[in-house]
Amino acid sequence: MSIARTLNDARSELVAWLQAGPMMLVFGLFFLLPLALVIIVSFWDYNEYEIIPRFSARGYTETFEGCLTELPNLCTILKTYLKTLKLCFLVWAITLTIGFTVAYFLAFHVRSTTWQIVLSLLCTIPFWTSNVIRMIAWIPLLGRNGLVNSGLQKAGVIDKPLEWLLFSEFAVVLALVHLFTFFMVVPIFNSMIRIDKRLIEAAYDAGATGWQTLRDIVIPLAKPGIVIGSIFVITIVMGDFITVGVMGGQQIASAGKIIEVRLNALHFPAAAANAVILLGFTFLIIASLSRLVDVRKEL
Amino acid sequence: MREGRSKAFYLLATFFAGYVLFLYGPMIAIFILSFQGPEGGLTFPMNGLSLHWFYKLFAGTGIVDIGSAFVRSLKLGLVVTVVTVVLSVAAGMAFRKTFRGSAVLFYTAIASLIVPSIITSLGIALEFRLIDDFIHKHVSGWGVGAWASDWQTGMGLFTSGLGAHLSWTLPFGLLIMFAIFNRFDHRLEEAARDLGATPSQTFRHVVLPIILPSVVGIGLFGFTLSWDELARSSQAIGAVNTLPLELQGLTTTVTKPDIYALGTLTSAVSFLVIFVALGVILILRKRQARHGSDAHAGIP
């Protein structure tokens, strides 16, 4: 009996391995190995046109060049990271506010399942369309002669077009919020939908105000969703170089943008060193956030 | 909460409507503007109404070779879709048993989803670059044949490009499979087994028909994510560009509405795929309901 069971377990495990193996292989070849190579190559040497497989910390020293000598002024890399963090914080705060409100509406105020599905789909469809198009879609609105500027001019609020609407930090934040609020809505909605509605009714019956119910029941129970959404948004913004590039008119620096610039110069080890720094940062943020919640239990 | 609509409802509904307008408004603006007259510019007002910019796109006179980028993206998207569906369903089935390494695979998938795309893209580029260097320096001297000395690069649409896209679509596929099987009634499979079905029969006749609508959903994610993928492709696609890469390149140079026409065209493909997939899902659900199975009840 027990031998049969052991054999059965072994067989079941073998089948599981055959089923999961292909996916693991793809991740191994196109995610884990590349990641390891990024770390290894970040410690290699390079010249104008090729990578030299010989230990060198040049990628790092050049990145942090002047960071000590220029004190108390900030060196380029620190300034860039500070700017990226600021961007990250702004986008996080705005997407969280919008995402939470939208999810709350969908979970608690839309009563029929059909309407819930329809309205959720309405929020999801843009996610399935191109990000670049959703970025350039702001040009007719925010451009020099765009709707906003011409509207404000006609209304007499301004006499010459506002220049900071497009190709600016404002535009970058706006586009990032536009693109990625979805990543907040989904996990928060997912947490909220699992909240037992009777809990809320009990709170009301016990005399809690709407605000108290929100603060003491809904937010604590939606915390896992909030944390997962935050991880998504923060990691996306930390590594973003496309939105920052397109909406910032290729003029704004960011943690992701540095890597792209180094790559365009074919300085692979330097790009890799910057990637490792970014990876470290991202890892720290995720680690501190995921202490708040067990991600695996939530899926 | 059983009484009539509260003031909070109307407030939140207005907020939601505002959010939807914010989501769709700008896109609708460029869809309209892509039908600008030949003299029209990048902003309103409309200067006539025409298909001029679409003709220009296909004539290939203005900007880069859009036609072939379009075909490349389509081919890659279809391959990514098929591979994502097959691998996700297989791995999803594996996670229903206990096996060593399941935690490793799970966390790898999550990591692949949240490690910034530029890092993955750079890593894949390095990987192929090192392979190329190795072949150039060493293998070509082994006399293993002409291929080694003629070797250009291993990078390409269906090598590094495919891998980059899969590292992005597979985590979504796996997470959708988790969502499906969390709500799956295990007793259905046990019943099939008790009636003497083999594992492959159980899968084909019981499990697959029930999960099929969601599997179509995985395909939808696979295609649309690949069709619009940009960050991971940026370093890992090789010599040729996909459509989103061409489009990104255009944002810095183009001053005419042909970029909107291209945007409208790309979105049209996305919308077509989305609505076909949603339609198929709806039909499959209806069929399940009609055939009297209560299996769908667990999957909203």
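## Chain B at a glance

Start at the N terminus of chain B and walk along: the elements run α-α-α-α-α-α-α-α-α-α-α-α. That makes 12 helices and 0 strands. Keep in mind that what you're looking at is a predicted model.

How spread out is chain B? Its radius of gyration is 24 Å, while the globule rule gives 19 Å for 300 residues, so chain B is more spread out than a compact globule. Along its principal axes, the C-alpha trace spans about 75 × 65 × 35 Å.

## Inside the chain

Of the 300 residues in chain B, 39% are buried. Now take the contacts in chain B between residues at least 6 apart in sequence: 76% of them join residues at least 24 apart.

## A closer look at helix α4

Helix α4 of chain B covers residues 102-114. Here's a quick check you can follow: at 1.5 Å a residue, its 13 residues should span 18 Å, and the end C-alpha atoms are 19 Å apart, which agrees.

Which residues of α4(B) are buried? They are F106(B), T108(B), A109(B) and S112(B). Looking down the axis of α4(B), you'd find the buried residues within an arc of 165 degrees, so they line one face of the helix. Over on the other side of α4(B), A103(B) and Y107(B) are exposed.

## The largest nonpolar core

The largest nonpolar core has 146 residues. Those with the most contacts inside this core are V38(A), W138(A), A272(A) and L122(B).

Let's pick A272(A) and see what it touches, leaving out residues up to four places away in sequence. In chain A, the residues that A272(A) touches are V38(A), V41(A), S42(A) and G59(A). In chain B, A272(A) touches L122(B) and L126(B).

Key:
Residues are numbered from 1 along each chain as its sequence is written. Chains are lettered from A and ligands numbered from 1 in the order in which they are written. This is a predicted model: local features need pLDDT of at least 70, side-chain atom pairs count only at pLDDT 80 or more; totals for chains, interfaces and linings use all residues. Helices (H or I, at least four residues) and strands (E, at least two) are DSSP runs, numbered from the N terminus. The expected span of a helix is 1.5 Å times one less than its number of residues. A residue is buried if 20 or more other C-beta atoms lie within 10 Å of its own, exposed if 12 or fewer, and partly exposed in between; C-beta atoms are placed from the backbone. The arc is that of the directions from the helix axis to the C-beta atoms. The radius of gyration is taken over C-alpha atoms; the globule rule is 2.2 Å times the number of residues to the power 0.38. Two residues are in contact if their C-beta atoms, placed from the backbone, lie within 7 Å. A nonpolar core is a set of buried Ala, Val, Leu, Ile, Met, Phe, Trp, Tyr and Cys residues joined through C-beta atoms within 7 Å.
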